[in-house]
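Q: I am new to this structure. Please take me through its terms and show what each one rests on.

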Amino acid sequence: MWLLYGANGTTGRLVLSIWQKAFPQLPPPLLAGRDPSQLALLSQTYGSPYEAFSLQELPTLSLPELPRLVVNLAGPYEHTALPWVTWCEKQGIAYLDACGEWRTFQRLYARGSSVPLITAAGFDTVAGEAALFLLRQRYPQARTLHLYIYAKGGFSAGTVQSALTMLPHGYYQWQAGHLTPIPFQEVRQTLQDQVVSFFSATLAELITFPAWNPDLVRLSTWVALPPRYLRWRSFLERVFAWQPFAEAILKLVRARRTPLAQQMNLSAESLVLAKAEEAPEALLLRTPQAYVFTAWTVLRSVEFFLAEGAAPGPASALSRWRDRLWQALPGTWVRWQPL
Ligand SMILES: NC(=O)c1ccc[n+]([C@@H]2O[C@H](COP(=O)([O-])OP(=O)(O)OC[C@H]3O[C@@H](n4cnc5c(N)ncnc54)[C@H](OP(=O)(O)O)[C@@H]3O)[C@@H](O)[C@H]2O)c1
């Protein structure tokens, strides 16, 4: 049995819908979250049991049956990861998330764990690490890497909150074993026939990828950003450090959860470009829409874990199952572009 926390969020709902359509072999999850009325509706739709509880109730939580795996899809993970990891360690069970927040990974990777922490099982890290991994498979001498992520089809309120939570903490690249600060910059890259502007972003891969590629010299990460965000970026960065203002903005974003989910284009594609200073070609990777892809990466990771378990300690989903995970995901392709 596995437990799905945050089942009523945008990503949780997509996981349930794809589980029902494409994963008949996976047992039903125990649906969990804070909102009993939403969980009761989901329970009726999917025929799965549910339990409503907040993170504050975790220390005294008692479940009818202990799950083998907790899948935490409630974010920002800055607030939700550690309470769940602590609970899983106390119970001796595994933990999985779709976290993309570099500061949370810094904490998890620094403290280690006695149970499997299957981290970063979401679009940006699975696709980003797959692109870097495939580039290094073809060019093992590539050690100075650049990663560009272009997720199309909209963002959920949870993703916007996660991004805003990390905003005051700056921009970094990974260099010779450390995160080193960099200025916010724009670079242009050609993806197929399209020129796209990318901007500095401190992505999860800066922590997760060097953890299993210790011979890297440098890694920089970039994202394509919506123009409306760019207009507000510098203002938001300055004022987001002020807690009451940050709380008010996060509340406004939370209130937009349903419209943001409804505005998503679930058939859009996402593109990832990986380059190395030592390689004559760049790798262009395509995935289905980021949240649809996340539902697949989470479900495949659950499937692999339930079938064969996983080693204890923190490690990204892609680093655990590498080619096998990548090849088990539908709607993807890889192309090579000469530089
Ligand atoms: N790495 C990736 O590529 C990737 C992809 C997809 C999602 N994600 C991450 O996954 C997280 C959820 O995304 P989403 O699309 O589902 O967002 P969403 O639609 O806004 O839903 C957020 C979910 O988190 C729950 N939640 C938030 N704060 C909580 C807290 N303090 N305690 C308990 N539950 C809490 C919400 O519960 P309530 O309904 O009770 O408020 C809701 O179920 C975000 O952090 C997002 O960045 C990452």
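Q: What do the buried residues of H6 pack against?
A: They pack against H1, H3, H4, helix H9 (243–255) and helix H10 (257–263). Packing here rests on contact: the C-beta atoms of two residues, placed from the backbone, lie within 7 Å. Helices are DSSP runs (H or I, at least four residues), and strands are E runs of at least two, numbered from the N terminus. This is a predicted model: local features need pLDDT of at least 70, side-chain atom pairs count only at pLDDT 80 or more, and totals for chains, interfaces and linings use all residues. Residues are numbered from 1 along each chain as its sequence is written.

Q: What makes helix H6 mostly covered?
A: In H6 (residues 157–166), 8 of its 10 residues are buried. Buried means that 20 or more other C-beta atoms lie within 10 Å of a residue's own; 12 or fewer means exposed, and in between is partly exposed. Among the buried residues of H6 are Gly-158, Val-160, Gln-161 and Met-166.

Q: Why are H11 and H12 called roughly perpendicular?
A: Helix H11 (residues 290–308) and helix H12 (residues 317–327) pack at an angle of about 90°. Roughly perpendicular covers 65 to 115 degrees; under 35 is roughly parallel, over 145 roughly antiparallel, and the rest oblique. H11 and H12 are therefore roughly perpendicular to each other. Their axes, lines fitted to C-alpha atoms over the stretch in contact, are 11 Å apart. Angles run from 0 to 180 degrees between N-to-C directions.

Q: Which residues of H11 and H12 meet?
A: Thr-297, Arg-300, Ser-301 and Phe-304 in H11 meet Ala-317, Trp-321 and Leu-325 in H12.

Q: Which residues does Ala-131 touch?
A: Leaving out residues up to four places away in sequence, Ala-131 touches Leu-147, Val-272, Ala-274, Leu-283 and Leu-285.
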